[in-house]
Amino acid sequence: MTGFDNEFTIAAAVIMGITALAFWRVIKGPTVFDRLLAAGAVGTNAIALLAVMGFMFERPDMFVDLALTYALLNFVGTVAAAKY
């Protein structure tokens with residue numbers, strides 16, 4: 001582990017806090033559109049969390065590949081849900 005562990009831990013905690021707020025909007029959103037937008041935000045935060053975890057575990061190449069794959073799936077899922 002490097003000397004940046006504390007910064008990455010703080011970044012991961014902030015991202016998880018923001019994800020919790022967006023997940024709350026998914027549950028309590030007043031309209032379907034608010035819930036759909038919040039679900040996209042949860043997916044985006046998951047992508048950022050995967051990237052930060054890659055740097056925490058000193059394997060950014062593997063985790064960034066996973067984050068890019070999840071980003072494509074998140075985009076396709078959001079567009080498909082928005083169509084219906």
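1. Valine 79 is partly exposed, since its relative accessible area is 44%, and the term covers values between buried (under 20%) and exposed (over 50%), worked out with a 1.4 Å probe on protein chains only. This residue sits in helix α3, which spans residues 60–83. Along the chain, valine 79 and glycine 40 are 39 residues apart, and their C-alpha atoms are separated by 9.8 Å.

2. Before reading further, please keep in mind that this is a predicted model, in which local features need pLDDT of at least 70 and side-chain atom pairs count only at pLDDT 80 or more, while totals for chains, interfaces and linings use all residues. Residues are numbered from 1 along each chain as its sequence is written, and side-chain values use heavy atoms, with hydrogens and water left out.

3. On confidence, the average pLDDT of the protein chain is 89, and 94% of the residues score at least 70; pLDDT is the predictor's confidence in each residue, on a range from 0 to 100. Among the elements, the highest mean belongs to α1, at 93, and the lowest to α3, at 89.

4. Helices (H or I, at least four residues) and strands (E, at least two) are DSSP runs, and they are numbered from the N terminus. Taken along the principal axes, the C-alpha atoms fill a box of roughly 45 × 25 × 10 Å.

5. Of the 84 residues in the protein chain, 18% count as buried. The accessible surface comes to about 6,000 Å², and 76% of this area belongs to carbon and sulfur atoms; such areas come from the Shrake-Rupley method with a 1.4 Å probe, and for residues only the protein chains shown count as cover. Where contacts join residues at least 6 apart in sequence, 57% of them link residues at least 24 apart, a contact being heavy atoms within 4.5 Å.

6. The protein chain carries 5 positive and 6 negative side chains, and the centres of the two sets lie 22 Å apart. In this count Lys and Arg are positive and Asp and Glu negative, whereas His and the chain ends are not counted; each charge is placed at NZ of Lys, CZ of Arg, CG of Asp or CD of Glu.

7. The count of aromatic pairs comes to two. One of them joins phenylalanine 8 and phenylalanine 55, which are stacked with 6.0 Å from centre to centre and 25° between the planes. Phenylalanine 8 lies in helix α1 (residues 5–28) and phenylalanine 55 in helix α2 (residues 32–56), so the pair ties together parts that are 47 residues apart in sequence. The rule is that rings of Phe, Tyr and Trp (its six-membered ring) pair if their centres lie within 6.5 Å, with planes under 30 degrees apart called stacked, over 60 edge-to-face, and the rest tilted. Both members are partly exposed, phenylalanine 8 at a relative accessible area of 22% and phenylalanine 55 at 43%.

8. Helix α2 also contains asparagine 45, which is buried at a relative accessible area of 16%. Apart from residues up to four places away in sequence, asparagine 45 touches Ile15, Ile18 and Thr19. Valine 42 is likewise found in helix α2, and its contacts, with the same exclusion of residues up to four places away, are Thr19, Ala22, Phe23 and Val26. Valine 42 and leucine 21 are 21 residues apart in sequence, and from C-alpha to C-alpha they are 9.0 Å apart in space.

9. Glycine 54, another residue of helix α2, is buried with a relative accessible area of 0%. Leaving aside its neighbours within four places in sequence, glycine 54 is in contact with Arg59, Pro60 and Phe63. By contrast, the C-alpha atoms of glycine 54 and threonine 19, which are 35 residues apart along the chain, are separated by 18 Å.

10. Lastly, glutamate 58 deserves a look in the loop between α2 and α3, where its phi is near 55°, a positive value in a residue other than glycine. With a relative accessibility of 42%, glutamate 58 counts as partly exposed.
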